[in-house]
Amino acid sequence: MSDLTEKARDLDAADDLAALRAEFVLDEVVYLDGNSLGALPAAVPGRMEDVVRRQWGRLRIRSWDESGWWTAPERIGDRIAPLVGAAPGQIVVGDSTSVNVFKALVAAVRMAARDGDGRDEILIDATTFPTDGYIAGSAARMTGCTLRPVAPAEVPGALTERTAAVLLNHVDYRTGRLHDLPGLTAAVHAAGAVSVWDLCHSAGALPVGLDAHGVDLAVGCTYKYLNGGPGAPAYLYVRRELQDRFDSPLPGWNSHVEPFGMRSAYEPAAGAPRGRVGTPDILSMLALEAALEVWDGVSIDAVRAKSLALTDFFLECVAAYVPEGRVESLTPATRAERGSQVALRCEEAGDVMKRLIESGVVGDFRPPDVLRFGFTPLYVGFADVERAARVLAEVVS
């Protein structure tokens with residue numbers, strides 16, 4: 001037994017979160033792609049059988065009231081809230097991340113425009129996930145704004161009196177770099193602009209602190225670290241103090257103050273329901289609700305501590321096992337700048353990942369040369385990490 005194998009065994013034995021692994025449907029594969037699609041929580045299939053057979057099959061239309069379908073977007077939002085540092089009543093679940101980015105960004109520009117000081121510029125993370133950029137470009141055209149891509153670290157110096165809104169990613173999807181949400185939010189506010197954060201690669205992996213840091217608007221998906229399933233609905237956070245000013249560009253009947261009044265004039269509901277649009281995707285939403293039960297009693301600080309320990313150990317194992325020069329880490333070594341993934345630059349990365357998967361280690365590949373490994377603390381163990389690094393070394397050698 002190697003020293004690192006023994007170390008992995010000792011770390012797993014001391015892991016307070018290790019028992020949560022049994023709450024997921026897993027096999028002998030080392031699954032390090034939870035930053036793309038989380039594993040299936042074991043409680044979900046049984047819950048969905050009840051949803052389909054009883055709630056839909058027997059109760060049918062009655063389930064909107066009797067099974068709580070109508071209130072699901074806010075109820076499930078309140079379950080997500082503690083994981084991102086938000087008090088109840090500020091998160092609504094529904095639609096995709098892209099749709100919620102659009103709602104949040106246009107609403108942010110409208111808030112800034114309402115102050116009447118000529119703000120007509122949107123700053124966006126220059127390294128953002130492509131869809132965020134596409135949506136931001138469309139939002140800029142529709143609102144008459146100029147779109148300016150800026151590296152997150154350069155945002156404070158790029159803000160001007162014309163900046164209306166700033167859209168940033170908490171964790172870079174490609175490199176795993178964690179950006180300074182508290183500091184950047186404070187800089188945006190000091191410039192009089194509205195902050196919008198994309199939490200897709202941080203929620204469920206590390207503390208976010210939306211309320212504590214005064215974030216204005218935030219969006220995120222639920223199929224990564226929150227394990228909601230493929231295509232699970234996203235969520236929208238609107239800070240309580242801004243809810244009466246939130247003017248959605250997609251006013252649907254579900255966000256009307258009197259949705260069954262069928263009035264021709266739109267009047268938005270109060271609170272988080274303003275973020276709703278049309279009829280919610282109930283099946284996916286209730287699968288997400290069941291999945292979130294694995295978080296009951298789990299401290300996000302404990303999750304963060306394990307996440308850092310896992311990524312530290314992976315980098316240690318890679319350094320020990322992989323021949324020098326074969327891979328290069330793009331993920332910051334500094335803990336305060338790291339999310340819950342490690343990105344390695346590697347020649348022929350696509351072929352390397354294919355062979356890793358064939359050998360029972362699942363990560364993913366981002367062109368042209370990046371291997372991504374996501375570490376989900378609820379079900380990834382230290383023995384998984386050691387095995388992944390050892391197999392990587394065999395493949396690249």
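1. Where is Pro368 found? Pro368 is in the loop between β12 (364-366) and β13 (370-374). Helices (H or I, at least four residues) and strands (E, at least two) are DSSP runs, numbered from the N terminus. A cis peptide bond joins Pro367 and Pro368, with omega at about 5°.

2. A word on the model before you go on. This is a predicted model, in which local features need pLDDT of at least 70 and side-chain atom pairs count only at pLDDT 80 or more, while totals for chains, interfaces and linings use all residues. Residues are numbered from 1 along each chain as its sequence is written, and side-chain values use heavy atoms, with hydrogens and water left out.

3. Now look at two residues with a positive phi. Asn227, which is not a glycine, has a phi near 60°, and it is found in the loop between β7 (217-220) and β8 (235-238). Glu348, also not a glycine, has a positive phi of about 55° and is found in the loop between β10 and α11. Asn227 counts as buried at 2% relative accessibility, whereas Glu348 is exposed with a relative accessible area of 61%. Here buried means under 20% relative accessible area and exposed means over 50%, with partly exposed in between (1.4 Å probe, protein chains only).

4. The axes of helix α1 (residues 3-13) and helix α10 (residues 300-321) come within 11 Å and cross at roughly 170°. That makes α1 roughly antiparallel to α10; angles over 145 degrees count as roughly antiparallel, under 35 as roughly parallel, 65 to 115 as roughly perpendicular and the rest as oblique. Axes are lines fitted to C-alpha atoms, for helices over the stretch in contact, and angles run from 0 to 180 degrees between N-to-C directions.

5. Which residues make this contact? From α1 they are Leu4, Thr5, Lys7, Ala8 and Leu11, and from α10 they are Phe313, Glu316, Cys317, Ala320 and Tyr321. Contact means heavy atoms within 4.5 Å. By class, the contact has seven nonpolar, one polar and two charged residues. Ala, Val, Leu, Ile, Met, Phe, Trp, Tyr, Cys and Pro count as nonpolar, Asp, Glu, Lys and Arg as charged, and the others, Gly among them, as polar.

6. The largest pocket holds about 210 Å³ of space. It is lined by 15 residues, and those closest to its centre are Phe129, Cys200, His201, Tyr223 and Lys224. Helices α5 (97-114) and α6 (130-143) are the elements that give two or more residues to this lining. A pocket is an open set of points on a 1 Å grid over the protein atoms alone, with protein on both sides within 12 Å along at least five of seven lines; a lining residue has an atom within 4 Å of a point.

7. The second largest pocket has a volume of about 170 Å³.

8. Finally, how many cavities of 30 Å³ or more does a search of the whole structure find? The search finds one, and about 40 Å³ of space lies in the largest cavity. Among the residues lining this cavity are Arg21, Asp27, Tyr31 and Asp384. In a cavity, a 1.4 Å probe fits but cannot get out. A volume is the space filled by probe spheres set on the grid points, which are joined across faces, edges and corners.
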